[in-house]
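Here is a walk through one protein chain. Keep the sequence and the coordinates side by side as you read.

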Amino acid sequence: MAQQTLEDCLQRVELVRQEIGKVLVGQKDVVEQLLWAVFAGGHALLEGVPGLGKTLLVRTLSQAFELSFQRIQFTPDLMPTDITGTNILLVDESGQQSFQFQKGPIFAHVVLADEINRATPKTQSALLEAMQERTVSAGGVTRPLPDPFFVLATQNPLEQEGTYPLPEAQMDRFLLKIDVPYPTEEELKAIVLRTTTGQAIHVEKVASAEQIAEIQQAARDVLVADAVLDYAVGLLLATHPGEKAVASVNQYVRNGAGPRGVQAMVALAKVRALLSGRYNLAYEDVEAVALPALRHRIFLNFEGEANGIRPDRIVRDILQGLESKKV
């Protein structure tokens, strides 16, 4: 990777951060993790209570990029064709009838799936199939989705009545899961001052689809040493109960992460290394991405659920147990 290419990537990403910072107060870790997902070419799931700026963040991100944007508000009566589109019957002036495909909101570069757990499993499956295949099949025709294509979904962890939790296999389709924290006292003051003045904030478009593709390619070119790759694989295997697992895994975990987990860790860690100005992967990169990459891929048993154990604690215990494995 040329030094000029690296500097161009870093400058472009910093411009994106600045534009998002015009609108969003705080949430630096959330913004950074969302950028990891975008430049790794994957989808992200954001979880947090209402009012934390999840929707605002995704909308602002799409404004900073020269990309099309669509928002889908998930509700129990939403149908799969409301997302993917459907064939409609057209009648011309001569009375001739023909079918024409009306594209749904999934045909956009950035798709915000708001409160994804409020839709029925059938509708969720239509979205998640498009996420995996990056195509939509309707009327015997397969249509490609725009490139790049990102689904950024949100869900509320508090209000679970009338919701349809995502199945384990479908959760795995998200490259990472971002926990959106509550703002600090100072951030709350800044939010109030910024949102009650009535001043319009204009977000500049600072990155095109071609520039995003360049950063994605630069991230893929980051080198991974065998020792670091072994560490990432060992971290994934340590999420499964067994003789070599740490005590909390054996006590609280029903199933550990699948192969997509280590793929996600390496892809995200490469982006983090690139954005840190390095050409090679380090242990610290893998450790930094372990929580968002694995927290939605670790499934607790009854004892873990009953004791309120969070997957984040399990991942931290594993990381602590693997300290001696670094070389």
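The model is predicted.

Start with the salt bridges. The structure holds 16 of them.

Take Glu47 and Lys177. They form a salt bridge, with the closest N and O atoms 3.4 Å apart. Which strands does this pair link? Glu47 sits in strand β1 (residues 44–47) and Lys177 in strand β9 (residues 176–179). These are distant parts of the chain, 130 residues apart. Glu47 is buried, and Lys177 is buried too.

Next, go to Asp172 and Arg260. Here the closest N and O atoms of the salt bridge are 3.1 Å apart. Asp172 lies in the loop between α6 (168–171) and β9, while Arg260 belongs to helix α11 (residues 259–275). Again the pair links distant parts of the chain, this time 88 residues apart. Is Asp172 buried or exposed? Its relative accessibility is 14%, so Asp172 counts as buried. The cut-off for that class is under 20%. Arg260 has a relative accessible area of 30%, so it is partly exposed.

Arg310 is in the loop between α13 (302–306) and α14 (311–321), and Asp179 is in strand β9, so the bridge ties together parts that are 131 residues apart in sequence. Arg310 counts as partly exposed because its relative accessibility is 47%. Asp179 falls in the partly exposed class as well, at 23%. Which residues share this network? Salt bridges with shared partners join Asp179, Arg295, Arg310 and Asp312 into one network.

Now turn to the surface. Glu7, Asp8, Glu66, Glu210 and Glu214 gather there in a patch of negative charge. Two elements give two or more residues to this negative patch: α1 (3–23) and α8 (209–220). Glu7 is found in helix α1. With a relative accessible area of 33%, Glu7 is partly exposed. Patch members need over 30% relative accessible area, and Glu7 has 33%.

A nonpolar patch is also on the surface. Leu89, Val91 and Phe99 make it, and its area is about 340 Å². Look at Val91 in strand β3 (residues 85–91). Why does Val91 count as exposed? Its relative accessible area is 53%, and the exposed class begins over 50%.

Two single residues remain. Gln33 is in helix α2 (residues 28–40). Its relative accessible area is 16%, so Gln33 is buried. What does Gln33 contact, leaving aside its neighbours within four places in sequence? The contacts are Leu176, Ile178 and Pro292.

Leu237 is found in helix α9 (residues 226–237). At 55% relative accessibility, Leu237 counts as exposed. The C-alpha atoms of Leu237 and Ile106 are separated by 35 Å, and the two residues are 131 places apart along the chain.

How values were computed. Residues numbered from 1 in each chain as written. Predicted model: local features only at pLDDT ≥ 70, side-chain atom pairs only at ≥ 80, totals over all residues. Heavy atoms only, no water. Patch = residues over 30% accessible without salt bridge, like charges linked within 9 Å, V, L, I, M, F, W, Y side chains within 5 Å. Areas by Shrake-Rupley, 256 points an atom, 1.4 Å probe, with all protein chains shown as cover. Salt bridge = Lys/Arg side-chain N within 4 Å of Asp/Glu carboxyl O. Lys, Arg positive; Asp, Glu negative; His and termini not counted. Charge placed at Lys NZ, Arg CZ, Asp CG, Glu CD. Helix = DSSP H or I, 4+ residues; strand = E, 2+ residues; numbered from the N terminus. Buried < 20%, exposed > 50% of the residue type's maximum accessible area, 1.4 Å probe, protein only. Contact = heavy atoms within 4.5 Å.
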